[in-house]
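Subject: Structure handover

Dear colleague,

Here is the structure I said I would pass on.

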Amino acid sequence: MRKGDAPKNMSGTFVHIVKNDGPLALYSGISASLLRQLTYSTVRFGVYEELKARYARTLPPGREPAFPALMAMAMGSGFLGGVAGNFADVLNVRMQHDAALPPAERRNYRHAVDGMARMAREEGPLSFFRGWLPNSSRAAVMTAGQLATYDTFKRLLMTYTPMGDNLTTHFAASFLAGLAAATATSPIDVIKTRVMSSAHHQSILRVVGDAYKADGIGWMFKGWVPSFLRLGPHTICTFIFLEMHRKAYRQVKGIDERKL
(Lines give C-alpha, C1' and ligand atoms only; values in the text may rest on other atoms or scores of the structure.)
Protein backbone atom coordinates (compact mmCIF):
# COMPACT_ATOMS: atom_id res chain seq x y z
CA MET A 1 0.00 0.00 0.00
CA ARG A 2 3.05 2.32 -0.22
CA LYS A 3 2.66 5.49 -2.26
CA GLY A 4 5.05 7.88 -3.96
CA ASP A 5 8.61 7.83 -2.63
CA ALA A 6 7.80 5.65 0.40
CA PRO A 7 10.47 3.04 1.31
CA LYS A 8 10.38 -0.22 -0.63
CA ASN A 9 11.33 -2.68 2.11
CA MET A 10 10.52 -3.53 5.73
CA SER A 11 13.61 -1.98 7.36
CA GLY A 12 13.23 1.22 5.33
CA THR A 13 9.56 1.47 6.31
CA PHE A 14 10.50 0.94 9.97
CA VAL A 15 13.06 3.77 9.86
CA HIS A 16 10.70 6.01 7.89
CA ILE A 17 7.92 5.65 10.47
CA VAL A 18 10.22 6.25 13.45
CA LYS A 19 11.92 9.22 11.78
CA ASN A 20 8.76 10.97 10.65
CA ASP A 21 6.24 10.02 13.33
CA GLY A 22 8.24 8.78 16.32
CA PRO A 23 8.55 5.33 17.93
CA LEU A 24 4.96 5.35 19.17
CA ALA A 25 3.77 5.35 15.55
CA LEU A 26 4.94 1.72 15.37
CA TYR A 27 1.97 0.98 17.65
CA SER A 28 -0.60 2.82 15.55
CA GLY A 29 -3.90 1.01 15.68
CA ILE A 30 -3.15 -0.96 18.84
CA SER A 31 -6.62 -0.19 20.27
CA ALA A 32 -8.21 -1.58 17.10
CA SER A 33 -5.84 -4.55 17.17
CA LEU A 34 -6.87 -5.40 20.74
CA LEU A 35 -10.55 -4.98 19.84
CA ARG A 36 -10.02 -7.31 16.90
CA GLN A 37 -8.48 -10.00 19.10
CA LEU A 38 -11.33 -9.67 21.63
CA THR A 39 -13.87 -10.38 18.90
CA TYR A 40 -12.16 -12.44 16.20
CA SER A 41 -9.92 -14.65 18.32
CA THR A 42 -12.39 -15.44 21.09
CA VAL A 43 -14.98 -16.61 18.53
CA ARG A 44 -12.61 -18.76 16.47
CA PHE A 45 -10.88 -20.38 19.45
CA GLY A 46 -14.13 -20.93 21.35
CA VAL A 47 -16.01 -22.44 18.40
CA TYR A 48 -13.05 -24.63 17.37
CA GLU A 49 -12.50 -26.08 20.84
CA GLU A 50 -16.22 -26.75 21.26
CA LEU A 51 -16.53 -28.43 17.86
CA LYS A 52 -13.43 -30.52 18.50
CA ALA A 53 -14.68 -31.63 21.91
CA ARG A 54 -18.10 -32.62 20.53
CA TYR A 55 -16.58 -34.46 17.58
CA ALA A 56 -14.12 -36.31 19.83
CA ARG A 57 -17.02 -37.67 21.89
CA THR A 58 -18.36 -39.41 18.77
CA LEU A 59 -15.09 -41.30 18.17
CA PRO A 60 -14.04 -44.63 19.70
CA PRO A 61 -12.01 -44.33 22.95
CA GLY A 62 -8.37 -43.43 22.34
CA ARG A 63 -8.94 -42.25 18.78
CA GLU A 64 -8.25 -38.62 17.90
CA PRO A 65 -9.83 -36.45 15.15
CA ALA A 66 -8.11 -36.86 11.78
CA PHE A 67 -6.35 -33.93 10.12
CA PRO A 68 -9.09 -33.33 7.48
CA ALA A 69 -11.70 -33.11 10.25
CA LEU A 70 -9.53 -30.67 12.21
CA MET A 71 -9.07 -28.57 9.07
CA ALA A 72 -12.80 -28.42 8.41
CA MET A 73 -13.64 -27.44 11.99
CA ALA A 74 -10.85 -24.85 12.07
CA MET A 75 -11.88 -23.25 8.78
CA GLY A 76 -15.52 -22.99 9.84
CA SER A 77 -14.53 -21.49 13.18
CA GLY A 78 -12.15 -19.05 11.54
CA PHE A 79 -14.76 -17.88 9.03
CA LEU A 80 -17.21 -17.09 11.84
CA GLY A 81 -14.46 -15.30 13.75
CA GLY A 82 -13.59 -13.25 10.68
CA VAL A 83 -17.17 -12.05 10.34
CA ALA A 84 -17.38 -11.22 14.06
CA GLY A 85 -14.16 -9.20 14.04
CA ASN A 86 -14.37 -7.61 10.59
CA PHE A 87 -15.25 -4.11 11.79
CA ALA A 88 -12.23 -4.06 14.10
CA ASP A 89 -10.00 -5.38 11.34
CA VAL A 90 -11.02 -2.54 9.02
CA LEU A 91 -10.09 -0.06 11.76
CA ASN A 92 -6.83 -1.88 12.43
CA VAL A 93 -5.75 -1.82 8.77
CA ARG A 94 -6.64 1.85 8.36
CA MET A 95 -4.94 3.03 11.54
CA GLN A 96 -1.75 1.14 10.73
CA HIS A 97 -1.81 2.29 7.13
CA ASP A 98 -1.94 5.96 8.16
CA ALA A 99 1.78 6.05 8.96
CA ALA A 100 2.63 5.17 5.34
CA LEU A 101 0.42 7.92 3.87
CA PRO A 102 1.18 11.62 3.32
CA PRO A 103 -0.24 13.75 6.19
CA ALA A 104 -2.97 15.19 3.96
CA GLU A 105 -4.36 11.73 3.16
CA ARG A 106 -4.42 10.31 6.69
CA ARG A 107 -7.66 9.52 8.46
CA ASN A 108 -6.18 10.19 11.93
CA TYR A 109 -8.57 8.07 13.96
CA ARG A 110 -7.77 8.80 17.63
CA HIS A 111 -8.68 5.29 18.76
CA ALA A 112 -10.93 2.40 17.79
CA VAL A 113 -14.15 3.92 19.16
CA ASP A 114 -13.47 7.21 17.36
CA GLY A 115 -12.79 5.28 14.18
CA MET A 116 -16.05 3.32 14.48
CA ALA A 117 -18.05 6.52 15.01
CA ARG A 118 -16.43 8.27 12.05
CA MET A 119 -16.83 5.29 9.73
CA ALA A 120 -20.53 5.03 10.59
CA ARG A 121 -21.03 8.78 10.13
CA GLU A 122 -18.93 9.30 7.01
CA GLU A 123 -19.33 6.00 5.14
CA GLY A 124 -22.37 4.37 6.72
CA PRO A 125 -22.66 1.24 8.90
CA LEU A 126 -22.04 -1.04 5.92
CA SER A 127 -18.42 0.16 5.92
CA PHE A 128 -17.93 -2.13 8.93
CA PHE A 129 -18.26 -5.04 6.50
CA ARG A 130 -15.86 -3.72 3.89
CA GLY A 131 -13.73 -6.63 2.72
CA TRP A 132 -15.60 -9.13 4.90
CA LEU A 133 -15.27 -11.95 2.35
CA PRO A 134 -11.47 -11.84 1.88
CA ASN A 135 -11.10 -11.18 5.61
CA SER A 136 -13.28 -14.14 6.62
CA SER A 137 -11.58 -16.33 4.01
CA ARG A 138 -8.22 -15.30 5.43
CA ALA A 139 -9.48 -16.02 8.94
CA ALA A 140 -10.61 -19.49 7.83
CA VAL A 141 -7.21 -20.27 6.29
CA MET A 142 -5.40 -18.66 9.24
CA THR A 143 -7.31 -20.72 11.80
CA ALA A 144 -6.70 -23.90 9.84
CA GLY A 145 -3.03 -22.94 9.50
CA GLN A 146 -2.73 -22.27 13.21
CA LEU A 147 -5.11 -24.52 15.17
CA ALA A 148 -5.37 -27.61 12.97
CA THR A 149 -1.65 -27.64 12.12
CA TYR A 150 -0.67 -26.98 15.75
CA ASP A 151 -2.69 -29.98 16.97
CA THR A 152 -1.22 -32.10 14.16
CA PHE A 153 2.39 -30.99 14.68
CA LYS A 154 2.07 -31.53 18.42
CA ARG A 155 0.68 -35.03 17.88
CA LEU A 156 3.46 -35.91 15.40
CA LEU A 157 6.20 -34.61 17.70
CA MET A 158 4.85 -36.59 20.64
CA THR A 159 4.38 -39.75 18.54
CA TYR A 160 7.62 -39.86 16.53
CA THR A 161 10.10 -38.12 18.84
CA PRO A 162 11.02 -38.52 22.52
CA MET A 163 9.32 -35.16 23.21
CA GLY A 164 6.44 -35.21 25.66
CA ASP A 165 3.55 -32.87 26.37
CA ASN A 166 5.76 -30.06 27.66
CA LEU A 167 6.86 -26.50 26.95
CA THR A 168 9.49 -27.52 24.39
CA THR A 169 6.93 -29.43 22.34
CA HIS A 170 4.41 -26.58 22.58
CA PHE A 171 7.06 -24.10 21.40
CA ALA A 172 8.16 -26.25 18.45
CA ALA A 173 4.62 -27.06 17.32
CA SER A 174 3.48 -23.43 17.59
CA PHE A 175 6.54 -22.20 15.65
CA LEU A 176 5.75 -24.60 12.81
CA ALA A 177 2.07 -23.60 12.95
CA GLY A 178 3.02 -19.91 12.68
CA LEU A 179 5.20 -20.67 9.66
CA ALA A 180 2.36 -22.56 7.98
CA ALA A 181 -0.20 -19.86 8.77
CA ALA A 182 1.95 -16.98 7.49
CA THR A 183 2.60 -18.77 4.20
CA ALA A 184 -0.98 -19.95 3.64
CA THR A 185 -2.59 -16.59 4.38
CA SER A 186 -0.13 -14.31 2.58
CA PRO A 187 -2.08 -13.94 -0.73
CA ILE A 188 -5.40 -13.38 1.06
CA ASP A 189 -3.72 -10.94 3.45
CA VAL A 190 -2.55 -8.78 0.53
CA ILE A 191 -6.07 -8.68 -0.95
CA LYS A 192 -7.72 -8.00 2.41
CA THR A 193 -5.37 -5.13 3.22
CA ARG A 194 -5.89 -3.41 -0.12
CA VAL A 195 -9.66 -3.74 0.00
CA MET A 196 -9.99 -2.54 3.59
CA SER A 197 -7.64 0.41 3.25
CA SER A 198 -9.58 1.75 0.28
CA ALA A 199 -12.41 4.23 0.81
CA HIS A 200 -14.13 2.95 -2.36
CA HIS A 201 -15.64 -0.40 -3.22
CA GLN A 202 -13.37 -2.60 -5.34
CA SER A 203 -14.06 -6.12 -6.54
CA ILE A 204 -11.63 -8.82 -5.47
CA LEU A 205 -10.91 -9.71 -9.10
CA ARG A 206 -9.92 -6.12 -9.85
CA VAL A 207 -7.67 -5.97 -6.78
CA VAL A 208 -5.94 -9.21 -7.84
CA GLY A 209 -5.59 -7.95 -11.41
CA ASP A 210 -4.04 -4.65 -10.31
CA ALA A 211 -1.67 -6.46 -7.94
CA TYR A 212 -0.56 -8.87 -10.66
CA LYS A 213 0.06 -6.03 -13.14
CA ALA A 214 2.17 -4.15 -10.60
CA ASP A 215 4.16 -6.99 -9.03
CA GLY A 216 3.68 -10.14 -11.09
CA ILE A 217 3.16 -13.45 -9.31
CA GLY A 218 5.23 -12.11 -6.41
CA TRP A 219 2.21 -10.10 -5.20
CA MET A 220 1.05 -13.25 -3.38
CA PHE A 221 3.92 -13.01 -0.88
CA LYS A 222 4.22 -9.25 -0.50
CA GLY A 223 5.11 -8.54 3.12
CA TRP A 224 5.67 -12.21 4.05
CA VAL A 225 8.64 -11.41 6.31
CA PRO A 226 6.91 -8.79 8.50
CA SER A 227 3.81 -10.99 8.48
CA PHE A 228 5.78 -13.93 9.87
CA LEU A 229 7.62 -11.69 12.34
CA ARG A 230 4.18 -10.79 13.69
CA LEU A 231 2.51 -14.19 13.36
CA GLY A 232 5.43 -16.28 14.60
CA PRO A 233 5.72 -14.78 18.11
CA HIS A 234 1.95 -14.27 18.23
CA THR A 235 1.27 -17.94 17.48
CA ILE A 236 3.93 -19.16 19.92
CA CYS A 237 2.62 -16.99 22.77
CA THR A 238 -0.99 -17.90 21.95
CA PHE A 239 -0.48 -21.66 22.16
CA ILE A 240 1.87 -21.61 25.13
CA PHE A 241 -0.68 -19.62 27.13
CA LEU A 242 -3.49 -21.79 25.76
CA GLU A 243 -1.75 -24.95 26.97
CA MET A 244 -1.21 -23.37 30.38
CA HIS A 245 -4.90 -22.46 30.49
CA ARG A 246 -5.92 -25.99 29.49
CA LYS A 247 -3.76 -27.50 32.22
CA ALA A 248 -5.11 -25.14 34.88
CA TYR A 249 -8.71 -25.72 33.73
CA ARG A 250 -8.33 -29.49 33.88
CA GLN A 251 -6.85 -29.29 37.36
CA VAL A 252 -9.73 -27.11 38.56
CA LYS A 253 -12.31 -29.44 36.98
CA GLY A 254 -10.50 -32.59 38.13
CA ILE A 255 -10.14 -33.95 34.57
CA ASP A 256 -7.64 -36.77 34.15
CA GLU A 257 -5.33 -35.66 31.29
CA ARG A 258 -4.25 -39.27 30.66
CA LYS A 259 -7.76 -40.02 29.37
CA LEU A 260 -7.68 -37.17 26.84
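The notes below go from the overall fold to one group of charged side chains.

Please keep in mind that this is a predicted model.

Overall fold

The protein has nine helices and zero strands, so its pattern along the sequence is written α-α-α-α-α-α-α-α-α. The C-alpha trace spans about 60 × 35 × 35 Å along its principal axes. The radius of gyration is 20 Å, which agrees with the value near 18 Å that a compact globule of 260 residues would have. Of the 260 residues, 40% are buried. If contacts between residues at least 6 apart in sequence are taken, 74% of them join residues at least 24 apart.

Surface and charge

Salt bridges

There are 14 salt bridges in the structure. The ones I followed up centre on Glu49 and Arg246, whose side chains form a salt bridge with an N to O distance of 2.6 Å. Arg246 belongs to helix 9 (residues 224-253) and Glu49 to helix 2, so this pair ties together parts that are 197 residues apart in sequence.

Each of these two residues has a further partner in its own helix. In helix 2 (residues 30-56), Glu49 and Lys52 are three residues apart, about one turn of the helix, and their side chains meet in a salt bridge at 3.9 Å, N to O. In helix 9, Glu243 and Arg246 are likewise three residues apart, about one turn of the helix; their salt bridge has an N to O distance of 3.3 Å. Salt bridges with shared partners join Glu49, Lys52, Asp151, Lys154, Asp165, Glu243 and Arg246 into one network.

Glu49, at 25%, is partly exposed.

If you open the model, the Arg246 and Glu49 pair is where I would like your eye, with helix 9 on one side and helix 2 on the other.

Regards

Key: Residues are numbered from 1 along each chain as its sequence is written. This is a predicted model: local features need pLDDT of at least 70, side-chain atom pairs count only at pLDDT 80 or more; totals for chains, interfaces and linings use all residues. Side-chain values use heavy atoms; hydrogens and water are left out. A salt bridge is a side-chain nitrogen of Lys or Arg within 4 Å of a carboxyl oxygen of Asp or Glu. Helices (H or I, at least four residues) and strands (E, at least two) are DSSP runs, numbered from the N terminus. Buried means under 20% relative accessible area, exposed over 50%, partly exposed in between (1.4 Å probe, protein chains only). The radius of gyration is taken over C-alpha atoms; the globule rule is 2.2 Å times the number of residues to the power 0.38. Contact means heavy atoms within 4.5 Å.
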